[in-house]
Every structure is written in structure tokens, then in C-alpha cells.
Amino acid sequence: MRDEIILKPINQAQHSEDALDLAMRAADYATLEVGHAPDDAYILDFFTAVPPDLGPDCLMHFGIMEGPAMVGIICIAEGYEFPDDWWIGLLLLDPAFRGQGVGRKVLSDINKRARERRIALLKLAVLAANPRALKFWHREGFTHHRDAPATPQSDGHDRIVLKYQL
């Protein structure tokens with residue numbers, strides 16, 4: 001495992017270019033999710049998409065850093081679906097850093113931060129078409145919460161919502 005991995009708060013104004021560069025290296029996921037390589041709109045969505053009934057102040061964005069290099073990004077919405085929930089909207093890692101314990105280290109840091117804020121539950125949705133991600137989250141202790149089938153108003157992806165009790 002890489003011990004030098006840290007989470008650094010990032011924002012749209014200062015870090016969009018680095019986030020786009022990372023997303024392009026991890027284009028396999030973006031292509032699966034949106035059907036094309038990541039672009040400026042994909043990064044804008046990462047920084048600005050807000051869950052229903054919440055404002056932009058609920059969002060926390062972090063760069064996953066190895067020294068000065070951004071090797072991943074993560075977005076968390078505080079208070080979705082319930083006030084003491086954190087929703088992990090996206091965890092995206094450079095393929096060169098997958099399978100090396102980076103995701104586990106990031107999740108450990110997120111768990112620590114959540115406990116400090118007295119968060120009770122972490123939740124996220126995994127694309128049903130992404131079995132590798134589903135396996136990762138299950139291995140990290142997340143359990144099935146509900147199925148979220150695609151609807152005519154959605155992006156066409158079936159999702160599996162997972163939860164982790166803190």
C-alpha cells in the first residue's frame with residue numbers, strides 16, 4: 001500500500017484542470033458512466049452536481065494526492081439522504097493506482113472524518129455494469145441497501161445503492 005496518499009480539499013476554480021487530467025487517465029470509468037471520454041462538462045458536474053433538496057455547501061471535494069500528483073478524486077455530499085448520512089458521489093482513481101490499497105486508504109480517511117463529524121452512515125451507488133467497483137465496496141464492508149433501476153428520466157444505468165454503518 002502507498003502510505004504517502006493524502007486527501008487534499010480541492011475546488012472548481014483552482015483544480016478543474018488537474019481533475020480533468022485525472023478523469024482522462026481514468027476514462028474507462030467516465031466512458032462507462034456517460035458514454036464518452038470525460039470533458040469539461042464532466043468535471044463541472046463533479047464539482048457542482050448537488051443531491052435533491054440540498055445546496056452546494058453540502059459538497060466536499062478532495063484530490064487524492066501522492067505528493068504533488070493528483071491520482072484520484074472523491075466527492076461527498078453531507079446530509080444526503082438523511083442529515084447524518086454522507087453520500088460518496090464519486091471515487092475515481094488513476095488506473096495506475098488501482099489494486100494497490102489506495103482506495104482502502106482513502107476510505108479509511110473518509111471513515112475517520114465521518115466519525116469525527118458524528119456521521120452514522122456512508123452510502124453510495126455503484127453502476128450495476130461495474131462489477132469490479134461492486135466487489136471493492138463489498139470487500140470494504142459496504143452492504144446492499146437497495147436497487148436503483150434506470151428510469152426514463154435517468155441516464156439509463158441500473159445502480160446498486162450500498163451502505164456502511166459507522
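**Close-up views of a predicted model**

View 1. With a relative accessibility of 16%, Asn130 counts as buried (buried is under 20% relative accessible area, exposed over 50% and partly exposed in between, with a 1.4 Å probe and protein chains only). The model is predicted, so local features need pLDDT of at least 70 and side-chain atom pairs count only at pLDDT 80 or more, while totals for chains, interfaces and linings use all residues. Residues are numbered from 1 along each chain as its sequence is written, and side-chain values use heavy atoms, leaving out hydrogens and water. You will find Asn130 in the loop between strand 5 and helix 5 (helices, H or I of at least four residues, and strands, E of at least two, are DSSP runs numbered from the N terminus). Neighbours within four places in sequence aside, Asn130 is in contact with Tyr29 and Leu32 (contact means heavy atoms within 4.5 Å).

**View 2. The largest nonpolar core.** Trp137 and Phe142 touch the most other members of this core of 29 residues (a nonpolar core is a set of buried Ala, Val, Leu, Ile, Met, Phe, Trp, Tyr and Cys residues joined through side-chain atoms within 4.5 Å). Helix 4 supplies the largest share, five residues. Apart from this core lies another, of 24 residues, including Ile10, Ala26, Ile43 and Leu92. Back at Trp137, its contacts beyond four places in sequence are Ile88, Leu91, Leu107, Leu124, Val126, Phe142 and Leu162.

**View 3. Aromatic rings.** The whole structure holds five aromatic pairs (rings of Phe, Tyr and Trp, the last by its six-membered ring, pair if their centres lie within 6.5 Å; planes under 30 degrees apart are stacked, over 60 edge-to-face and the rest tilted). Phe46 and Phe47 make an edge-to-face pair, 4.9 Å centre to centre with 75° between the planes. Phe46 is buried at 6% relative accessibility, and Phe47 is buried with a relative accessible area of 6%. Elsewhere, ring pairs join Phe136, Trp137, Phe142 and Tyr164 into a cluster.
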